[in-house]
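Please read the following note alongside the sequence and the structure. It is written as numbered points, each on one topic.

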Amino acid sequence: MIGSASVRSLSVAPADPSPPPRPRSPRHSLRQRILFATPEMADFLKTGGLGEVAAALPRALRQHYDVRILIPGYRQVVERYADIPIVAHLPGRDGLPPSALGLVETGDGLPVYVLLNADLYDRAGSPYGDLGGDFPDNDLRFGRLSLAAVELAQGVDPDWTADLLHLNDWQTALAPAYLAWQGLRVPTILTVHNLAYQGLFPRENLPRLGVPESAFHIDGVEFYGKLSFLKAGLFYASHVTTVSETYAQEITTPEFGCGLEGLLSTRARQGRLAGILNGIDEIWDPRTDPHLATAFEADDWKGKRANADAVRQRFGLGVSRGPLFAIVSRLVHQKGVDLTLAAAETIVAEGGQLVVTGQGEPRFEHAFMDLARRHPGAVGVRIGFDETDAHRMFAGSDFLLMPSRFEPCGLAQMYAQRFGSLPIAHRTGGLADTVEDGVTGFLFGEASLRGLAGAVRRALDTFRSKRQLNIMRRTAMARTFGWDKAATSYSALYARTMGNGEVVRFRAA
């Protein structure tokens, strides 16, 4: 699912046979060893962009680093392997239970450490909760994950020790703090994929997590009377990154800083905050994408129309040569879907059609279904997420609506451009960094109906000028958003953080 965690948006990777684990790399390998700790990975399950990043970035980095993943042993992970070899038994500490550490490989040979504890991780639902909400023991579940990352830096696996911990979001953000409290000097990088999710827990939980009372301070883990996993990471990590340059600037302001803008501003002044734009996977290519009804390339607009026709049929729309607008998103306030609902009337009145896929807040799900009932043949809605539907919507639509109020990076706007669908997006975060206004899409500055409506009108005017529409389509489809640039930027940061590394440049495969 495009976006952040939602229990109902869980996507689980299909099972496939995997080869037995290969021999582990020797401890004295000349390549620097990076542990990429993450609460989700698209190979097994994902709820949003982090899962995609965790599957793609480590693979890009493997050209020059010995990279391994650390992920909890969710049911969806453990069920993929008939047997998981155990490389270490991790003792309990404070209220964190003893666990085992397994090591497997993906089909293409990427090593993955699996933190095994059935009581913590063998559950139905998403990585973070079920239909009843967040799991009440998420502090233990992800405190245990953070501590496992530290233990891998301490050499708990006799055959491999991490030289640097690359941590992701609040679920792994206690790791730099655990290192500091133990007096261990291991370089750490914390990547914030969405600052709005902070991992807040009651002060009373400090003892069971092994958090010293002295750390419950404004210069530590305290955040408005609660323990904040994310603040711990921001405070103790060697360096902090986020997933676009514009978002890295935005989070130092009160509007986007979620109460952490003071600390983040300090990190920026210290040169310890950077924005590195995410990439997208090579599958997002209209010439080779197996999900499409018809493969196509720039100037093959007949092929693009074939995908549009397939989308119209799938969503119960009428035959039309008017513009097709798409929404592939979580249906939540952050994504500005209330603005889209209001702008939909204009789209339909101008002869356009709208297709929507996603899920989220029930009020928005119901509102879109009601919109479809009021405009049969012009608006089609499918609550949920289907990978093939999403690919075909990017390929068949003329315009993608992304009026997000804030967007740390966003992936959908990059997918859309590769398929010649022009994004209509709020000028914020990664949207501002990846969409060129009037060239590969349409940006608007005010997150309001007026702002969105103005951009929609510009898109409609462009659609009526086939020459200009096709110029923009060609330009958008020529954009490349591969992982090589991000991997090079992370290499520079790894070298700086470790103090003894050489920057390497990555080239697209």
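**Note on the structure**

1. Strand β15 and strand β16 (residues 273-275) run parallel and are joined by 3 bridges. Two strands count as paired if DSSP finds at least two bridges between them. Helices (H or I, at least four residues) and strands (E, at least two) are DSSP runs, numbered from the N terminus. Val240 has Leu273 as its bridge partner in β16.

2. This is a predicted model, in which local features need pLDDT of at least 70 and side-chain atom pairs count only at pLDDT 80 or more, while totals for chains, interfaces and linings use all residues. Residues are numbered from 1 along each chain as its sequence is written, and side-chain values use heavy atoms, with hydrogens and water left out.

3. Strand β11 (residues 188-192) also runs parallel to β15, and 4 bridges join the two. Here Thr191 is partnered with Thr241 of β15. In a regular strand the side chains alternate between the two faces of the sheet. Both faces of β15 (residues 239-242) are covered: His239 and Thr241 are buried on one side, Val240 and Thr242 on the other. Buried means under 20% relative accessible area, exposed over 50%, and partly exposed in between (1.4 Å probe, protein chains only).

4. Helix α1 (residues 49-61) has 13 residues, which should span 18 Å at 1.5 Å a residue; its end C-alpha atoms are 18 Å apart, which agrees. The expected span is 1.5 Å times one less than the number of residues. Of the 13 residues, 10 are buried, among them Leu50, Val53 and Leu57. What covers them includes β2 (33-37), β4 (66-72) and α18 (484-498), where contact means heavy atoms within 4.5 Å.

5. The whole structure holds 21 aromatic pairs. Rings of Phe, Tyr and Trp (its six-membered ring) pair if their centres lie within 6.5 Å; planes under 30 degrees apart count as stacked, over 60 as edge-to-face and the rest as tilted. Phe223 and Tyr224 are edge-to-face, because their centres are 4.8 Å apart and their planes lie at 85°. Phe223 is buried at 12% relative accessible area, whereas Tyr224 is exposed at 70%.

6. Which kind of pair do Phe325 and Phe399 form? The pair is tilted, with 5.1 Å centre to centre and 35° between the planes. Phe325 lies in strand β17 (residues 324-328) and Phe399 in strand β20 (residues 399-402), 74 residues apart, so the pair links distant parts of the chain. Phe325 is buried, with a relative accessible area of 0%, and Phe399 is buried, also at 0%.
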